[in-house]
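Let's take a friendly walk through this structure, one region at a time. Have the viewer open and follow along.

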Amino acid sequence: MADEKQECELFSAGHRACGGCGPALAARLLLRATGKNVIVVASTGCMEVFSTPYPETAWEVPWIHSLFENAAAVASGIEASLKKQGRNEKIVCICGDGATFDIGVLCISGAFERGHDITYICYDNEAYMNTGIQRSGATPYGASTTTSPTGTCAPGGNPLPKKDMPAILAAHGAPYVATSSIAYPNDFVKKVERAINTPGPCYIQVHTPCCTGWGFESRDTIAISKLAIDTGLWVNYEMVNGVVEKAKKVRRKLVEEYLEKQKRFRHLFRPARQDAEIAKIQAIADANAEKFGIDIKLRKPAE
Amino acid sequence: MEIMEGSHAVAEIVKRCRPQVVSAYPITPQTHIVEDLAQMVANCELDAEYITVESEFSALSACLGASAAGSRTYSATTSQGLILMAEVCFNAAGMRLPIVMTIANRSLGAPLSIWNDQQDTIALRDSGWLQFYAEDNQETADLHMITYKVCEDHDILLPAFVCFDGFILTHTYEPVDLPSQEEVDAYLPAFTPYHRLDAAKPLSMGMYATPDYYMEFRYEIDRAMYRARDAFIKAGREFNEQFGRDYSGLVEEYRLDDADIALIAMGSICGTVKDAVDEMRAAGKKVGLLKIRTYRPFPGPEIVEALKGVSTVAVLDKNISLGNGGAVGTEVKSALYGTGISVYDYIIALGGRDVRKRDIAAVVDLAEKGEGDMFYGLRTEVL
């Protein structure tokens, strides 16, 4: 199976994604993991738009997009239909964080509760990018977006924490929940393979930096995703039947190394450095490190 | 022939239409249908996947996915549930998926009302779904077979509402002649999807269209709607040949031949109107009924043809386009433009208010006096 997958790319070049697009890389890796025997269900969003401008498509596997918020419900129907027909294609949803954390929660909750044999992948670029960088439930604390802008009365950017979707889906009884990052392609491919081969509803949240929305050079996409992990602001882990296994350990760097490279966090450093806000974000990373036990060697936060 | 509840008759005929995936959410007065179907699946009488979803929105979304994957699908809903599905309705039509849904017509809140009118389906008249309205439970059951045949025709490929009035038909026991499984199988062939999601033959469905393509997609849907006129007539004729009940008309005439005044209505109210027409005829009044069976596609040419020789038309609208009168009346006026026929519209029976034969006679009196385009039967004392 693995050999066949490597022979050709099932996510074709020539799509309309920006150079350095994290989600485009996730799509390509996803299909390497699934091979041809898959049906992909997309939500409305950047990936849907850049990969399927009629009459062209980048998807060389069956692909369907219905609406913004209903991919999990559409996938439920496809699964029921295939079951009735005795077919065995894997069903994979690939949806952005707005579609997953916010508008699609009802459909996802229903599908996971019912236990459909589907894999739901959220490509998390931490805001509504297709509509012009608005805040979603996945936007991290402190990030400036067009709907959580900084201003004289709001110097800190997004005042709300990132929602813990993996925990919410694990609480539905999902047998396999994982986080991953395009910085580690083999990790993502392996997790997708595990998810699609695990019966029942599985969830993978893959960190896919958006150079346009986050404000960094397109050549730095992988470096930025690595820094998210190296600072503890993103943790790669697997939850099997609700229990965390295999969190990726790191020698942790200070969060400001990650923050200062992105325009969405620039207000924390210029015109004046906001130490208190940076400390709050460092505390989020510290809490992640504590919760998942990722520190190889703990470093003290900056004074 | 068996005496049975309208909802039960629907469930029985849907079972015989062999949907492979059923997905529905409970809402009054539709619930008896989906309860019956769930029981049939539990009893292995219906070989379908039954998905108990968390909302109507997901019910239709699941049907959309199942239909795209190549299965015959079914759902039923009403009122608020249908409006919650609205986004998926437009989407399913645009994707040309022949989903069939029974609608137990009911009013929309606010104020909350569980009772009958036809506001719910009328509100979705522009969604690209075929809309067929039944007068009684026999017609409701029969229309399901015809509807699947029309929808799944590869020249049509559109979803459809089979509409029957909430409570007035859903909860009423009437004699219904249900065809056997063998008879239904002989009439309705197995579903052969025009295209489907299939790893052996990859395709992309639901892509986005730039201004260079969008209008052509909409045009194609509109053409399919017009082709559905002939498809409905053909399926109705085939039905008549096999079962001896004729639904081949997009409209149905009742005592219109020499009529001066024509009433126009849809759904169960037509039964009351027919009785009222008989009484008025007995009293010497030349009045008849034109029943609209297919609201989408709209039978404009058939209405013009049927009303030749009529001087006055009274349209009974169990809905209102707030700020512009009833939807049926508006479209009838449009169809009759230039004929010189006087058309008066009456908003009637909203939110389950009863309509009696004397109300029909009163409407005819108003039309004769040239008084119309009004709410009929308002309780002015509570205004």
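A residue is buried if 20 or more other C-beta atoms lie within 10 Å of its own, exposed if 12 or fewer, and partly exposed in between, with C-beta atoms placed from the backbone. Helices (H or I, at least four residues) and strands (E, at least two) are DSSP runs, numbered from the N terminus. Just after α10(A) comes Gly232(A), with a positive phi of about 85°.

## Conventions and confidence

Residues are numbered from 1 along each chain as its sequence is written, while chains are lettered from A and ligands numbered from 1 in the order in which they are written. As the model is predicted, local features need pLDDT of at least 70 and side-chain atom pairs count only at pLDDT 80 or more, whereas totals for chains, interfaces and linings use all residues.

pLDDT is the predictor's confidence in each residue, from 0 to 100. For chain B its mean is 98, and 100% of the residues reach 70 or more. The model has an ipTM of 0.97 and a pTM of 0.97.

## Chain A as a whole

Chain A contains 12 helices and 8 strands. Its radius of gyration is 19 Å, close to the 19 Å that the globule rule gives for 303 residues, so chain A is as compact as a globular protein of that length. Here the radius is taken over C-alpha atoms, and the rule is 2.2 Å times the number of residues to the power 0.38.

Along the principal axes, the C-alpha atoms of chain A fill a box of roughly 60 × 40 × 35 Å. Of its 303 residues, 54% count as buried. Two residues are in contact if their C-beta atoms, placed from the backbone, lie within 7 Å. Among contacts in chain A with a separation of 6 or more, 68% come from residues 24 or more positions apart.

## Where the chains meet

Between the chains, 36 residues of chain B are in contact with 38 residues of chain A. On the chain B side, β2 (21–24), β3 (49–52), α3 (56–68), α5 (86–94) and β9 (204–205) each supply at least two residues. The largest share, 9 residues, comes from α3(B). This side of chain B divides into 20 nonpolar, 12 polar and 4 charged residues.

Which elements do the buried residues of α6(A) pack against? They pack against α4 (71–85), α5 (97–103), β4 (119–124) and α7 (165–170) of chain A, together with β3 and α3 of chain B. The buried residues of this helix (105–114) include Cys107(A), Phe112(A) and Arg114(A).

## The nonpolar core

A nonpolar core is a set of buried Ala, Val, Leu, Ile, Met, Phe, Trp, Tyr and Cys residues joined through C-beta atoms within 7 Å. The largest one has 220 residues, and those touching the most other members are Val41(A), Ile78(A), Cys93(A), Ile94(A), Ile264(B) and Val313(B). It draws at least three residues from each of domain 1 (2–243) and domain 2 (251–382) of chain B, with bounds from an automatic or database domain assignment. The contacts of Ile78(A) include Ile39(A) and Val41(A), as well as Gly65(B) and Leu197(B).

## Backbone details

Most residues other than glycine have a negative phi, and most peptide bonds are trans. Tyr54(A) and Pro55(A) are joined by a cis peptide bond, with omega about 5°, and Pro55(A) is in the loop between α3 (46–51) and β2 (63–65) of chain A. The bond from Thr28(B) to Pro29(B) is also cis, with omega near 0°.

Cys44(B), not a glycine, has a positive phi of about 60°, and it counts as exposed because it has 7 C-beta neighbours inside 10 Å. Ala349(B) has a positive phi near 65°, but Ala349(B) is buried, with 28 other C-beta atoms within 10 Å.

Terms used. Ala, Val, Leu, Ile, Met, Phe, Trp, Tyr, Cys and Pro count as nonpolar, Asp, Glu, Lys and Arg as charged, and the others, Gly among them, as polar. Lists of a residue's contacts leave out its neighbours within four places in sequence.
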